[in-house]
Number of protein chains: 2
Amino acid sequence: MTLPGEFSLIGRHFRPLAGPGALGLRDDAALLMPPAGRELVLTVDAMVAGVHFLPDDPPDLVGRKLLRVNLSDIAAKGAVPLHYLMTVSLPKGTPDAWVAGFAAGLAVDQAAFGVSLLGGDTTSTPGPISLSLTLIGHVARGTAVHRFGAADGDEIWVTGTIGDGALGLAVATGRLVDPTGFLLERYRLPRPRVGFSLAGIASAAMDVSDGLVQDLGHICRASGLGAEIFAGDVPLSDPALAAGPAWLETCLTGGDDYELLLAVPPARAEALLAEAVRCGVAVTRIGRLQAGPPEVVVRGSGGESLSLTKGGWSHF
Amino acid sequence: MTLPGEFSLIGRHFRPLAGPGALGLRDDAALLMPPAGRELVLTVDAMVAGVHFLPDDPPDLVGRKLLRVNLSDIAAKGAVPLHYLMTVSLPKGTPDAWVAGFAAGLAVDQAAFGVSLLGGDTTSTPGPISLSLTLIGHVARGTAVHRFGAADGDEIWVTGTIGDGALGLAVATGRLVDPTGFLLERYRLPRPRVGFSLAGIASAAMDVSDGLVQDLGHICRASGLGAEIFAGDVPLSDPALAAGPAWLETCLTGGDDYELLLAVPPARAEALLAEAVRCGVAVTRIGRLQAGPPEVVVRGSGGESLSLTKGGWSHF
């Protein structure tokens, strides 16, 4: 479903992003010869202005975030990203500069993460800018890591720091001040942990996108285990610490972290640390999985169970 | 990016659509082991309420149309559809019955066309319902048919009848009356020509989604040829004929046909007819491609060149 205005838009902004198999975005469909013996890993996320990003966010960062939230899902399977398809629905009168900036952001991250555009559709909408991106990666057959698969006694680890994205949203909406600019940057530009090898290390994994506690709950339910984490062990950035203890709950339950949440058998902790060093990514042990009802208990410094009022970020 | 309301929505309506590799829609990404030696064919289309369908269209038909417009792109490559990923952005307060109807429509066509849901994302939107669907098919390596590849002297053929979709939109919006209901049905429920084998028959192909003349122009530009079609040879349904000659231009330039537009070397016409019989699909020769500037000339009954005011359907 294409149109003259769309052709021009595609030619100017999106064709330069097209990779092999995309047929120059001039055909009805794209071609992909899958790498021999590899399993494909596919994920899709939508982003809507006013829901997943702010209407005045810089368009290059919107493009990069759209790609990165999907890259994060691919990273959470231990897979290598390859190509993406995308739909872009724009209100009439969207400035050409917005589309140019959006495409420029995609171009930067295509180069950074080694992916290319395989196909797309551009339409108008009477609503806000609506984006959808399908990302395709690959992994050695049978080595993808899932949310299920964790065992009683596995340790819970996270990469990077937790809560910066949620605090960055608070900064963006004027509820928090961060003179360093670090938190806003983390909200606008996640750092997907692409290239972090999980096979042979993690028994289960996912990325933290809807809040640490809620997402850990997914691993619990998928693996049939309970979880216990220690609030004091959850790694916080200096700007997050500077926000003060009143923001701790936001850090634990907010969204937009895009860090890896891993279940790791104790015997594999050394392999995890070696991989973390190889990738230059910090990893921190924050708790453990154990037999029991699939619930997440967050413990304070005295070992007491903390009561959290929010289960995680909700888009509805 | 998920949320409690989303989990419930997914569990009730979308999980029953999930196929093998979808991991029950409970993971960050889906898995697909590509059929050995086959090339993947991928396409994506967005549909927005008020642009691509009418807000009061029955939701099951919206779901089926979303799937079918993508199936039509896969059919135009001569490929076999396999799986799809989908994003669904819904305004707050969208009735559960709408989602149930939408999913029921998808279920009907999944069964009809042999495809299944591999993954998705459900979000809210302050705008109209916005849908995006990525469809994955496969084809014997190197046999996909493209928009380019036609040669001087190739004949132009179409499947089915042309213009019903555009006239159906006229019916839906009260500009035309069709007591048979056929035209509205054709607008709401395209019939993608999945299973029609193109390899060894068509030198170029695409589906007619934006209007016959505009889409034929794509084949002309991609193949570096001019085209001449005869208005009197373009196959029209009985209800389209009943609409009268004032609607002919709409038939030739309107969108939403989802028929196949084929360039066929004369020596392969017999093979085309045999395939048409095998599939129970009518095919009609409407003109030819020839050396010259990449333009489409539409000729009337006296051989005169008809001047069309509309180039095709535009979503902007």
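Predicted model: local features only at pLDDT ≥ 70, side-chain atom pairs only at ≥ 80, totals over all residues.
**Entry 1: helix 6 of chain A.**

**Entry 2: burial.** I then asked how many of the 12 residues of helix 6 of chain A are buried. The count is 10, and the helix is accordingly recorded as mostly covered. Among the buried residues I listed A:Leu212, A:Val213, A:Leu216, A:Ile219 and A:Cys220. A:Gln214, A:Asp215 and A:His218 are buried as well.

**Entry 3: the end of the helix.** I checked what follows helix 6 of chain A and found A:Gly224, with a positive phi near 70°.

**Entry 4: a sheet in chain B.** I turned to an open sheet of 6 strands in chain B, with mixed pairing and the order 7-9-6-10-8-11. Why is one side of strand 7 and of strand 11 left without a neighbour in the sheet? Both strands, 204-208 and 296-299, stand at the edges, and each has a single partner strand, so one side of each has no neighbour there. On average, neighbouring strands of this sheet are turned by 25° against each other, direction ignored.

**Entry 5: strands 8 and 11.** I recorded that strand 8 (residues 226-230) and strand 11 of chain B pair in the parallel sense over 4 bridges. B:Phe230 has B:Arg299 of strand 11 as its bridge partner.

**Entry 6: helix 6 of chain B.** Finally, I noted that helix 6 of chain B lies across several strands, including strand 6 (155-159) and strand 10 (283-290). Helix 6 of chain B runs at about 155° to strand 7 of chain B.

Definitions and conventions: Residues numbered from 1 in each chain as written. Chains lettered and ligands numbered in written order. Buried ≥ 20, exposed ≤ 12 C-beta atoms within 10 Å, placed from the backbone. Helix = DSSP H or I, 4+ residues; strand = E, 2+ residues; numbered from the N terminus. Pairing = 2+ DSSP bridges. Axes fitted to C-alpha atoms, helices over the stretch in contact; angles between N-to-C directions. Contact = placed C-beta atoms within 7 Å.
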